[in-house]
Amino acid sequence: MQPDWIRTRSLLDVAIVTVVSIVALWMAEFYLSSLWTLNSKGFSALSHRLPYWDFTNLWAGSRMAMEGHVALLFDVDAYRAALRGMFSPDLPNQEWSYPPNILLLGVPLATLPILPAYLVWTVGTVLCLWLAIRPLKLGAALELAIVLSPAVIWNSVFGQNGALTTALLIGGVAVAPRRPLLAGILFGLLTIKPHLGILVPFCLLASGNWRAILAAVGTAVAVAVATGLFFGFDVWRLFLTETRPLMTAIMEAPYPQPYQYNAITVFFTARAVGLGVIPAYGVQAVATIASIAAAIWLWWPGRLVSHQERVALTAILAILATPYGYTYDTIGVAVAVAMLAAMVSRPPRLILAICWLGPFVVHFFTWGGYCVAVLIPLFLAVWMLHSIWTRGRKAELSGEPSLA
């Protein structure tokens with residue numbers, strides 16, 4: 001029993017899509033124009049930083065590494081001083097936060113001036129996202145809607161890597177059944193942001209996809225060795241002893257911090273309602289274990305679910321499984337919303353519209369003291385799991401054969 005897809009659109013469907021599109025385009029124009037409106041110091045009127053925002057770290061850190069100063073990335077004070085020497089003495093504090101293997105991507109970009117590099121990065125990662133969703137066969141209209149979604153626009157505003165990491169995650173799970181070696185390579189590359197791949201080994205183990213597992217391990221090892229050969233193997237020790245504790249301290253900082261306004265995880269939500277660090281980790285552990293259990297159930301052979309649903313739901317569960325994630329990491333949610341919008345059995349249109357626009361608006365609620373962003377992936381995960389389970393129960397009662 002496969003889900004039914006909508007073949008024709010009602011007038012209400014067209015009206016809602018039109019209104020949501022107008023709102024999304026208006027907000028995209030507002031944020032992007034604000035991003036590139038600069039003050040007297042050359043900083044963005046939106047971010048009060050360089051308009052490339054998070055991309056500044058990737059570009060500048062990669063240039064330091066390219067010039068033989070990779071150790072600066074792991075010394076916070078020296079790194080900030082180097083950034084200010086590159087850009088402006090008034091540059092706000094920034095930190096290097098990435099695993100060193102991302103330098104393999106950053107160094108080629110760092111050979112360009114920062115603006116062309118930012119444009120290549122943004123367009124290139126969105127292109128990777130489009131290629132990753134192609135195997136889902138959603139159709140040209142939905143594919144265009146995804147690559148122009150608020151989540152993708154917000155990712156571009158931040159100069160972040162959400163489009164790339166979503167492409168690696170969704171691309172991997174999309175092709176895993178038929179092209180396990182390619183899936184494993186994509187999962188191995190996802191180690192540039194490993195906390196978004198928490199569910200991957202459980203999905204592969206549940207489905208018995210040993211070729212993808214071996215390919216993922218082999219790719220991760222090859223990338224780690226290549227990073228060591230290019231930049232010195234000491235970068236891995238420094239990452240573990242310097243960068244990892246720094247990022248843990250940033251995540252555990254007293255709530256609220258300005259960067260937490262775009263947080264979208266269970267951990268940050270628990271902090272927002274007043275829980276301390278340890279209780280918040282406890283709540284997150286429950287969410288992580290539940291997400292792992294749901295992923296195993298979803299990927300177990302014979303489950304009555306279309307592969308498009310399996311991929312989209314895995315991307316949503318990945319957000320719930322990690323303690324560290326922001327609105328620019330929710331592009332997988334946009335994929336799920338676009339897919340659900342094309343199904344006969346779907347959540348109410350208004351709720352889907354709210355989920356679609358979420359990356360643009362959730363920080364306003366956070367500013368007001370309501371950290372509700374996590375409700376979007378939580379609702380979609382619960383709705384999809386219930387829909388799949390209900391469909392399976394009906395098939396069992398009717399004696400319909402299950403899907404392999």
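**Overall architecture**

Modeller: The protein chain has 18 helices and zero strands; helices (H or I, at least four residues) and strands (E, at least two) are DSSP runs, numbered from the N terminus. This is a predicted model, in which local features need pLDDT of at least 70 and side-chain atom pairs count only at pLDDT 80 or more, while totals for chains, interfaces and linings use all residues. Residues are numbered from 1 along each chain as its sequence is written, and side-chain values use heavy atoms, with hydrogens and water left out.

Colleague: How is burial read, and what percentage of the residues of the protein chain count as buried?

Modeller: Buried means under 20% relative accessible area, exposed over 50%, and partly exposed in between (1.4 Å probe, protein chains only). Of the 404 residues, 52% count as buried. As for contacts (heavy atoms within 4.5 Å), among those between residues at least 6 apart in sequence, 73% join residues at least 24 apart.

**Core and helix packing**

Colleague: Which residues touch the most other members of the largest nonpolar core?

Modeller: A nonpolar core is a set of buried Ala, Val, Leu, Ile, Met, Phe, Trp, Tyr and Cys residues joined through side-chain atoms within 4.5 Å. The largest one has 130 residues, and F55 and L380 touch the most other members. Helix 15 (residues 307-321) gives the most to this core, with ten residues. Leaving aside residues up to four places away in sequence, F55 touches L109, I114, A117, Y118, W121, F158 and G159.

Colleague: Is helix 16 largely enclosed or largely open?

Modeller: Ten of the eleven residues of helix 16 (residues 331-341) are buried, so this helix is largely enclosed by the rest of the structure. Among the buried ones are I331, G332, V333 and A334.

Colleague: Against which helices do the buried residues of helix 9 pack?

Modeller: In helix 9 (residues 180-189), the buried residues are P180, A183, G184, L186, F187 and G188. They pack against helix 8 (162-175), helix 10 (200-207) and helix 11 (210-231).

**Aromatic rings**

Colleague: How many aromatic pairs does a search of the whole structure find?

Modeller: Rings of Phe, Tyr and Trp (its six-membered ring) pair if their centres lie within 6.5 Å; planes under 30 degrees apart count as stacked, over 60 as edge-to-face and the rest as tilted. The search finds 25 pairs. W96 and Y98 form an edge-to-face pair, at 5.3 Å centre to centre with 80° between the planes. W96 and Y98 are both buried. T243, in helix 12, touches W96, S97 and Y98, among others, and is buried at 2% relative accessible area.

Colleague: Which charged residue lies over the face of W299?

Modeller: A charge sits over a ring if NZ of Lys or CZ of Arg is within 6 Å of the ring centre and within 35 degrees of the ring normal. R310 lies over the face of W299, at 5.3 Å from the ring centre.

**Backbone exceptions**

Colleague: Which residues does a cis peptide bond join, and where does a residue other than glycine have a positive phi?

Modeller: Most residues other than glycine have a negative phi, and most peptide bonds are trans. A cis bond joins Y255 and P256, with omega about 5°; P256 is found in the loop between helix 12 (234-251) and helix 13 (266-272). W53 has a positive phi of about 50° and is found in the loop between helix 1 (11-35) and helix 2 (55-66). K137 has a positive phi of about 55° and lies in the loop between helix 5 (114-133) and helix 6 (140-147).

Colleague: Are W53 and K137 buried or exposed?

Modeller: W53 counts as buried, at 17% relative accessibility, whereas K137 is exposed, with a relative accessible area of 68%.
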